[in-house]
Amino acid sequence: MVENLDLKHRQVLKRKCDLISKLGEILASSGAETRLILSSMDLLAKALNLSVQSAVNRAGVFVSFDTPEGQVLSFRRIKTFGINMTIVTYCHQLCLKAERGEFKSLDEISEALNHLPHKHYPKIFLVPIEAIAAGCFAYLNQANLEVIASAILGALILMSIRFYLSQKGFFETFIFMVSAFVGSFCALLFAKAQGVGLEGQTLAILATSLVLVPGFPLINGFLDLFKGYIDTGITRLMQALVLVSSAAIGILGALLIANYYGV
Amino acid sequence: MSDTLFRILTEGLCAAFVGPAFAMLFLVPKRYLLIIATSSALARIIRQSLYLTDTLEIVSATFIAAAAISAIFIYIAPKLQVPRPVFTVTSCISLVPGLDTYNALLALISIIHGKHSDLMAESIVLLFNHGMRAFAVLLAICLGIAIVPLFFYRYRYHHL
């Protein structure tokens with residue numbers, strides 16, 4: 001009888017540990033900064049009456065705690081470092097709810113973690129929005145109407161290609177390279193067709209490719225570094241650098257081809 | 001002066017569109033887009049008000065704009081129960097130094113294809129000038145967002 005109770009208790013502890021590491025894994029793969037991941041895991045652990053030791057790196061999320069019988073350990077691999085702020089917000093609010101004691105059982109928490117919101121903005125709506133944003137970027141850099149129009153058209157093509165390749169499951173670096181190449185080349189063509197000067201052409205290409213700025217990896221990388229999470233900070237900054245370099249290669253390719261063929 | 005004011009306000013309006021557009025790419029929930037539009041416009045207006053009126057140079061102006069946005073969301077984000085970077089990162093996108101980065105890239109190409117030493121020397125100067133300015137502005141955005149919460153870190157931790 002006592003052995004059965006111990007076994008049941010151990011299973012509950014293991015389940016709690018798994019739930020905490022799952023939360024960490026979801027947050028890490030949705031682009032949350034490291035401090036937020038660790039504090040959310042601690043918050044959930046506190047709500048589950050556990051005092052855990054947790055860690056996050058590029059490889060995965062570790063959660064462990066000591067029991068009289070030994071150590072309970074849970075590890076989850078982080079497959080991708082994506083960006084989904086809806087899920088980050090959802091998980092953060094879930095932890096706050098758990099802290100307030102709004103979940104009655106482990107099943108409820110597990111259910112909440114298994115049914116993450118999968119809301120996406122429709123691509124057909126996002127492409128023109130991002131194209132107008134590129135036009136706004138052109139205006140912010142003192143462009144005239146012709147340049148703004150070229151930037152909008154270039155960004156329309158760039159974003160369409162980006163979403164198409166993303167849907168086909170290509171690597172992100174390849175997507176950035178190809179979409180920057182085609183988008184900036186088209187922006188250049190549109191600008192030249194409207195008789196825009198060299199400076200205007202430069203602005204059109206620049207505004208078109210600014211929609212590829214990897215804002216979250218870049219700023220989260222710095223946030224991690226300043227809060228002492230050096231390894232994840234460097235990983236995120238390197239990720240941002242690789243993406244920026246991919247876009248730069250695409251733009252350089254477009255410029256070289258335009259020069260070569262005298263476009 | 002009225003031209004400058006008009007420029008600042010129209011740039012604020014454009015930034016109010018750019019911020020939510022990026023936020024949608026990062027899948028920020030719909031109900032926060034209006035807040036991001038406002039803060040994005042505010043960030044741009046603060047930066048340009050300081051820069052276009054010759055009060056400060058671009059790097060310091062950018063730092064102050066990013067720090068102001070970060071400070072605002074230290075109070076607003078916990079009330080909305082949303083992690084702060086959801087707002088701060090998207091609000092500061094309109095401060096990204098695009099033109100300098102691109103000019104640095106063009107200068108780099110000129111160096112690679114340069115045949116005359118005078119032109120190459122000029123390109124090297126341009127590369128460093130634009131490259132360092134772009135890097136400094138980018139660093140100012142990141143520092144502006146990252147440093148301000150460090151002052152409130154203990155306070156926020158206890159209230160989390």
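Biologist: How much area do chain A and chain B bury between them?

Modeller: The size of an interface is often given as the accessible area lost when the parts come together. In this predicted model, chain A and chain B bury about 5000 Å² between them, with 75% of that area on carbon and sulfur atoms. Tyr121(A), Tyr139(A) and Leu140(A) supply 14% of the area that chain A buries against chain B, more than any other three residues.

Biologist: How many residues does each chain give to the contact?

Modeller: Chain A gives 55 residues and chain B gives 52 residues. On the side of chain A that touches chain B, α5(A) has the largest share, ten residues. That side divides into 35 nonpolar, twelve polar and eight charged residues.

Biologist: How many salt bridges and polar contacts are counted between the chains?

Modeller: Between chain A and chain B there are zero salt bridges, but ten residue pairs are in polar contact.

Biologist: Which domains does the assignment give for chain A?

Modeller: Chain A has domain 1 (2-114) and domain 2 (123-260). Their centres, taken over C-alpha atoms, are 37 Å apart. About 1000 Å² is buried between domain 1 and domain 2 of chain A, and carbon and sulfur atoms give 59% of it. Glu33(A), Thr34(A) and Phe81(A) supply 47% of the area that domain 1 of chain A buries against domain 2 of chain A.

Biologist: Which side chains meet in a salt bridge?

Modeller: One salt bridge is counted between the two domains of chain A. The side chains of Lys227(A) and Glu33(A) meet in a salt bridge at 3.3 Å, N to O.

Notes:
Residues are numbered from 1 along each chain as its sequence is written. Chains are lettered from A and ligands numbered from 1 in the order in which they are written. This is a predicted model: local features need pLDDT of at least 70, side-chain atom pairs count only at pLDDT 80 or more; totals for chains, interfaces and linings use all residues. Side-chain values use heavy atoms; hydrogens and water are left out. Contact means heavy atoms within 4.5 Å. Buried area is the accessible area (1.4 Å probe) that two parts lose on being put together, summed over both. A salt bridge is a side-chain nitrogen of Lys or Arg within 4 Å of a carboxyl oxygen of Asp or Glu. A polar contact is a pair of N or O atoms within 3.5 Å; within protein, one must be able to donate a hydrogen and the other to accept it, and residues adjacent in sequence count only if both atoms are side-chain atoms. Helices (H or I, at least four residues) and strands (E, at least two) are DSSP runs, numbered from the N terminus. Ala, Val, Leu, Ile, Met, Phe, Trp, Tyr, Cys and Pro count as nonpolar, Asp, Glu, Lys and Arg as charged, and the others, Gly among them, as polar. Domain bounds come from an automatic or database domain assignment.
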